[in-house]
Amino acid sequence: MDKRGNLLDVRQLRVIFHTYRGLIKALNGVDLWMDKQERLGIVGETGCGKSVTAQAMMRLIEEPGKITEGEVWFENRDLLKLSEDEMTKIRGREISMIFQEPKSSLNPVFKSGFQIKETLLNAKKATPANAEEEVEKILGYVGMDASRVKNMYPHELSGGMAQRVMIAMALATQPKLLIADEPTSALDVTIQAQILELLSDLTQKMGNAVMMITHDMGIVAEFCDRVVVMYAGNAVEVAPTKELFQNPIHPYTQGLLRAVPRVGRPGELKAIPGTVPDLVDPPEGCRFHPRCDYAFDQCKNVLPPLLEISAHHYVSCYLCQKDGCPSAKKAGEEPW
Amino acid sequence: MTVANEKTALGFFEKNKPYIDDLKHTVFLFRKSKLTMVGFVLIVIFLLVAFLGPLFLPYDPIAQNFAVRLQPPSQEHLFGTDQFGRDIFSRVIQGSRMALWIIFLVSAISGLLGTTVGIIAGYFGGLIDDIIMRITDMFLAFPSLVLAMAFAAMMGPNFTNTIIAISLVNWTTYARLARAEAMKVKEQPYIEAIRSVGAGTGRILFLHVLPMCISPVIVQLTLRMGTIILTAAGLGFLGLGVQPPTPEWGAMVSDGRNFLVDQWWISTFPGFAIVFVVLGFNLLGDGIRDMLDPRLRR
Amino acid sequence: MVEPLMTITNLKKHFALKKNVFSKNVIVKAVDDVNLEIPRESIFAVVGESGSGKTTLGRTLMKLIPPTAGMVSMDGKDILTLDKKAFLPYRRKMQIVFQDPYNSLHPRKLVKTVIGEGLKIHFKGISEMEIRDKIREVLLQVGLREEHMFRYPHEFSGGQRQRIAFARAIVLEPEFIVLDEPTSALDVSVQAMVLKMLQEARAQNALTYLFITHNLSIVDYFANHLAVMYLGRVVETGSKAEIFDHPAHPYTRLLMNSNPIPDPFLKREKQVVRGEIPSPIHPPSGCHFHPRCPFAKAECKEQEPQYREISSGHFIRCHFPV
């Protein structure tokens, strides 16, 4: 089979959730892929399915949710076909995750040093003899005073420190892929800058690929090589970061970029009219069509496929097939 | 305003949409739980019997007829007769009305008293809270039946005093619940928001804090209805409750004590009635608690 | 210069924290000696990170919590010393919109009750019809529809709830509104709509906003005056243009620098502030910012910098402004 990325290739991933209101079609056939050591950004707004995508890849979807379809090729294995035991060996060792709320991801009753040690021993990256030493070394990597921090309980750590401990734990096993699910949204801007810098330096040094899930276009611009824009359970546009900012094609991406306020560029903020659809009863066809200025009949019937319209730039939009892509520049406006 | 004439084009359904949605959801949760349904059916039967039963009694529940004393259950006397020849079936049915009265009055009095005192303690905190809570501690320091007995014995056994005694024993539960809720609610931004609009303390307390404290109290009330019946029956059994010849289940069980071995039906049928109602309220109460649990709602 | 709508003089709010029965009270200076002038019909942004006291400042101004010391005068009257009754008209003139759209509306009240309650309090004897008319008017103004008044808050999205919260504020025809991070819980596309609505409403109703936020990019887009707070103190204030062009306090500069910019072509030397934000319970001596300041000298550690004017309307609290 032809693989699009040499580390990860997710194909047509579908996830549903059963609720009393009906079926929530959370992921509607998501496609994304990654190369080794790549930094992929996944951006989208609340409810677009960016976190669910990561959870589904890790097979962490729990009742009432269910993965109904799809393949998750990680190197040469389809993660969705592995046994639970084999999957356990992948989680935390080959793919690690960090989350938005670092404090609630740490166990409150154990000291942070102990928790890192456990992770190391579990993954056989240390022996009981040298574990203590390794813990101190790792805490040193994430820029903390190891002798002090390893004896602290999670509640004694600030948000930024806790996130550093989480990063230490996640990277201690030298995973091939680190999934960072909004790692800085709960932190102050100065601390956010520290954490992003740390993540950037460490993963560069260690050669991990990073999947950065975020809603912040600023973080995407500063951190990621390539971006997947998600809307209502679909990847609608995939492109290298610079290409995406310079030449956004999907009307949603354009709208998103215009809505972001920026220092030094005051003036009109343009909002996207309408609201995010209810995923119990999503629109037929392209899920963005009710909010799209350019929508025509075809958009209302069948979901547009994700097609490569120029080198490495993929868009799921019929306009590109009909009468050329809706370039933001054509309309005489700046893309953002 | 020029639009004043075009307004109110809203239909009944549109106006009441939230209520209707809410109701639908409640029914959805309700039907999912079999045990709640069982409890609900038991209580409906109990209510029907209490309301309608006394209209169709085969015998006068108080009239004594020594010709038929201590008869076992038969065609004429479904549940048999007691030592005075009174029809036990009629007495159990009549007793249900008494039970209903006790439940209703005690719940109303103790629920109202407890909730009011509780939200005041919770909302104001400080010294008021300390005083009220120490009082409830005093009440809670005694087993509830013992306390109810003490009150009933002190005030003299009759219907009114039974109600008062059981209410006095019960209100602390609701007070503590309402207090805990009020303490939670008063920290919520929407309370701060209404303060910023300029609402006074009374308005905040009764229009904004109170509605949020009611649902746990209602659940607790339903759950405790079984206990109220038990306490009332306990008082009746000890002779400190409603006085004979008025049929009251606890007193009826007590009446049959001396005949337990040979004339089992005298105590057993009123006992079953107590079990029936207590079980019904407990199942229903559990169900309502689950239904009102915000984690299950949306 | 125009007469300011609100003048804040030496405002302090200290909290006494008690760890347990045996320990002494610890004083947390959440707002410490704040002096600001808020021009009429301006959008005055208060920027700071967690623990800076920006939210406490907003609440103290609103008299939702009692101040420790200081003066807040509005229309030349010190509102902090007014008793409950005398303050009531000011209560109407000053409103607040909270950060959390999910908990700032009473979950058991219809939207019309939420918005109409203030009217019943402040306009005695107002008829039900008049209330309806006013609610409809403000609902339309904040971009909602008439039939929304018969719904419960949980049926709305975050952005719509913030609109309802704002409608509750403007229905009382206030002059001054504290916006406490009104968009920080919202998605960017929704945020853009809400900000736009806020701007239009300000122009239409001649409102003055105190806009509390941690996001400098919104400030640039939205505000025209700005105060930067750090650990309870205002470290820099002035017009937005002045501060964005000539940030004088090292903290302001670093804050601007930390903000991720959505432009992958921008090459900038990113300066990351070292260290954690200190606990406001035990703030550093001298200038609170000195342990994290790249330009700190010995003096910064020992001496508290004075709050002084470095150019017209531009105040700063720093020994060595950049």
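Analyst: Happy to; here is a walk through the contact between the two chains, with some background on one of them.

This is a predicted model, in which local features need pLDDT of at least 70 and side-chain atom pairs count only at pLDDT 80 or more, while totals for chains, interfaces and linings use all residues. Residues are numbered from 1 along each chain as its sequence is written, and chains are lettered from A and ligands numbered from 1 in the order in which they are written.

Let's begin with the contact as a whole. Chain A gives 36 residues and chain C gives 31 residues, where two residues are in contact if their C-beta atoms, placed from the backbone, lie within 7 Å. On the side of chain A that touches chain C, at least two residues each come from α7 (159–172), α8, α9 (217–223), α10 (241–246) and α11 (251–259) of chain A. Helices here are DSSP runs of H or I with at least four residues, strands are runs of E with at least two, and both are numbered from the N terminus. The largest share of that side, six residues, belongs to α8(A). By class, the side of chain A that touches chain C holds 16 nonpolar, twelve polar and eight charged residues; Ala, Val, Leu, Ile, Met, Phe, Trp, Tyr, Cys and Pro count as nonpolar, Asp, Glu, Lys and Arg as charged, and the others, Gly among them, as polar.

Now for α8(A) itself. Helix α8 (residues 189–206) of chain A and helix α9 (residues 250–258) of chain C have axes that come within 9 Å and cross at roughly 50°. That makes α8(A) oblique to α9(C). Axes are lines fitted to C-alpha atoms, for helices over the stretch in contact, with angles from 0 to 180 degrees between N-to-C directions; under 35 degrees is roughly parallel, over 145 roughly antiparallel, 65 to 115 roughly perpendicular, and the rest oblique. From α8(A), the residues A:Val189, A:Thr190, A:Gln192 and A:Ala193 meet C:Leu254, C:Leu255 and C:Ser258 of α9(C). This contact of α8(A) with α9(C) has four nonpolar, three polar and no charged residues.

As for chain A as a whole, its secondary structure comes to twelve helices and twelve strands. The C-alpha trace of chain A spans about 65 × 50 × 40 Å along its principal axes. Of the contacts in chain A with a separation of 6 or more, 64% join residues 24 or more positions apart.
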